[in-house]
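Work through the exercises below with the sequence and the coordinates open. Each task is followed by a solution in steps.

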Amino acid sequence: MISAATPDVATATARLRALLGDRLHEPGDPAYVTTTTLWNGAVQRTPLLVAQCLDADEVADAVRVAAQCHLPLSVRSGGHDWAGRALRDGGLVLDLTGLRAVDIDVDAATVTIGGGVTAAGLLAATRPYDLVVPTGTVGDVGMAGLGLAGGYGPLCGRFGLTLDSLLGAEVVLADGRRVTADPRHDAELYWALRGGGGNVGVVTELRFRAHRLPGVLAGMIMFALAEAPAVLRGYGALIAEAPDELTVMTGFLPGPAGEPVIFVCPFYSGPDLDAGLPWMDRLRALGTPLVDQIAPMPYADALRMFDGGMVDGNHYLLRTRWLPALTDSTVDVLVDAARQVSSPFSALAVHHFHGAATRVRLADTAFGLRTDHLLTEIIAVWAPGDQARPHREWAERTSAALAPHALPGGYPNLLAPEETDRVQLAYGANWPRLRRAKHRYDPRDLLTAVPTLPRSRRGW
């Protein structure tokens with residue numbers, strides 16, 4: 001159960017200062033602002049302390065201090081959770097951005113990274129060896145946060161989710177113990193980490209299987225908003241036939257004139273990129289392209305097309321739905337949402353889950369959905385100073401309109417902290433086992449992360 005004891009801030013500060021020196025930051029310190037700034041400017045929280053840790057021993061010591069002094073605890077790695085769960089008011093933040101080591105074993109095709117490594121940092125290190133680890137679409141996202149709760153991305157069909165390539169992790173538990181989690185060492189913790197998020201421990205190191213991938217055939221094709229119904233229906237028919245090597249995003253982005261445009265973004269990752277050319281032609285034929293930027297390129301370069309799409313400091317609110325397919329009804333909802341968008345910065349994204357990701361047995365990881373589906377992101381964005389209400393209402397209205405056509409739950413990495421009922425539905429049959437793991441490894445609920453699990457209660 002949660003301790004009701006009053007936080008002993010003075011003792012915690014003294015002990016952490018002795019441990020970290022000038023790497024412990026309090027409000028008013030020069031580094032406090034930079035270590036508590038997240039990409040989502042809508043998040044306004046004031047932690048009491050920020051501990052910049054450089055190794056697992058420091059993380060373990062800091063966790064023990066938080067537990068013994070009854071301080072709420074959060075972990076900042078990439079800091080890209082839209083809801084800002086890296087920061088807790090009145091709490092201690094473990095800043096892991098200094099854990100940036102990347103160690104590549106080319107012969108074994110494995111990559112071991114620190115808990116603060118981003119997708120871009122990982123891919124920059126593996127690029128000279130033509131190796132990749134499946135990532136999301138944004139390079140600044142931390143691999144720990146991405147990989148522990150899921151990891152939808154452009155290589156989903158061929159290599160699965162990010163978590164499907166996770167071979168093991170070094171973890172600091174809520175009592176400060178350092179443990180290894182992999183198939184041979186604490187297999188239950190390893191299971192819970194792959195999909196359960198950071199709720200069962202602080203991950204200081206991750207070891208991934210790397211995949212040989214010299215390049216991809218990828219890029220953006222954009223069409224006018226008027227063509228959106230036909231493009232989305234054609235997209236739905238095409239992905240039903242797509243091979244593992246082809247994963248295609250779609251959605252709506254702000255156009256140069258302010259009106260949204262519909263895009264399709266294919267990634268063909270087969271060994272012979274020319275085999276992907278007919279698929280690109282079929283995508284082009286969905287309408288009359290305004291933009292056609294398909295080309296062979298390294299995977300890391302292809303991800304850069306998303307750079308700048310989400311500007312740091314803007315205000316963000318996300319909603320999400322899992323769709324079993326694009327029906328006429330869901331196409332109508334998405335097109336109507338694009339036409340009624342409340343901000344020129346907002347977007348809709350539809351991610352393609354298929355292929356290798358569906359062939360992992362449901363019970364093998366905590367992740368709760370392994371059938372073909374589409375992940376929809378409803379991304380409300382507005383400038384600082386704007387009223388939040390119209391943008392929030394646009395996102396909520398779109399989510400509610402999709403709900404009757406959606407699968408239960410939703411992607412845990414995107415669900416709001418208050419949507420714990422949908423989190424439970426998202427894990428389905430894996431939920432009871434995940435809750436038992438949470439109780440086993442963190443019985444006092446010290447750790448709260450993505451996804452936000454309901455607080456412990458007696459009788460579970």
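This is a predicted model: local features need pLDDT of at least 70, side-chain atom pairs count only at pLDDT 80 or more; totals for chains, interfaces and linings use all residues.

## Exercise 1: The buried side of a helix

**Task.** List the buried residues of helix α13 (residues 420-427), and state what they pack against.

**Solution.** 
1. Arg422, Val423, Ala426 and Tyr427 are the buried residues of α13.
2. Around the axis they cover an arc of only 140 degrees, so they sit on the same side of α13.
3. An α-helix has 3.6 residues a turn, so residues three or four places apart point the same way.
4. The packing partners of these buried residues are α7 (187-196), β18 (315-323) and α14 (431-441).
5. After α13 comes Gly428, with a positive phi near 55 degrees.

## Exercise 2: A helix pair

**Task.** At what angle do helix α11 (residues 328-339) and helix α12 (residues 389-402) pack, and which residues make the contact?

**Solution.** 
1. The angle is about 170 degrees, and the axes of α11 and α12 are 10 Å apart.
2. Angles over 145 degrees count as roughly antiparallel, which is why α11 is roughly antiparallel to α12.
3. From α11, the contact uses Thr330, Val333, Leu334 and Ala337. From α12, it uses Trp394, Thr398, Ala401 and Leu402.
4. Sorted by class, the contact of α11 with α12 has six nonpolar residues, two polar ones and no charged ones.

## Exercise 3: Salt bridges

**Task.** How many salt bridges are there, and where in the chain do Glu396 and Arg319 lie?

**Solution.** 
1. The count is 26 salt bridges.
2. Side chains of opposite charge can pair when their charged atoms come close.
3. Glu396 is bridged to Arg319, with the closest N and O atoms 2.9 Å apart.
4. This pair links distant parts of the chain, since Glu396 is in helix α12 and Arg319 is in strand β18, 77 residues apart.
5. Glu396 has 33% relative accessibility and so counts as partly exposed. Arg319, at 4%, counts as buried.

**Task.** Which residue of helix α11 pairs with Arg233 of helix α8 (residues 228-239)?

**Solution.** 
1. Arg233 forms a salt bridge with Asp328, and the closest N and O atoms are 2.9 Å apart.
2. Asp328 belongs to helix α11, and the two residues of the pair are 95 residues apart.
3. Arg233 counts as partly exposed because its relative accessibility is 35%.

**Task.** Are Arg85 and Asp81 buried or exposed?

**Solution.** 
1. Arg85 forms a salt bridge with Asp81, with 2.9 Å between the closest N and O atoms.
2. Both Arg85 and Asp81 are buried.

**Task.** Which residues does Arg127 touch, not counting residues up to four places away in sequence?

**Solution.** 
1. Arg127 lies in the loop between α4 (119-126) and β7 (131-132).
2. With that exclusion, Arg127 touches Pro298, Ala300, Asp301 and Arg304.
3. Arg127, Asp301 and Arg304 are linked in a network of salt bridges.
4. The relative accessibility of Arg127 is 36%, so Arg127 counts as partly exposed.

Key: Residues are numbered from 1 along each chain as its sequence is written. Side-chain values use heavy atoms; hydrogens and water are left out. Buried means under 20% relative accessible area, exposed over 50%, partly exposed in between (1.4 Å probe, protein chains only). Helices (H or I, at least four residues) and strands (E, at least two) are DSSP runs, numbered from the N terminus. The arc is that of the directions from the helix axis to the C-beta atoms. Contact means heavy atoms within 4.5 Å. Axes are lines fitted to C-alpha atoms, for helices over the stretch in contact, and angles run from 0 to 180 degrees between N-to-C directions. Angles under 35 degrees count as roughly parallel, over 145 as roughly antiparallel, 65 to 115 as roughly perpendicular and the rest as oblique. Ala, Val, Leu, Ile, Met, Phe, Trp, Tyr, Cys and Pro count as nonpolar, Asp, Glu, Lys and Arg as charged, and the others, Gly among them, as polar. A salt bridge is a side-chain nitrogen of Lys or Arg within 4 Å of a carboxyl oxygen of Asp or Glu.
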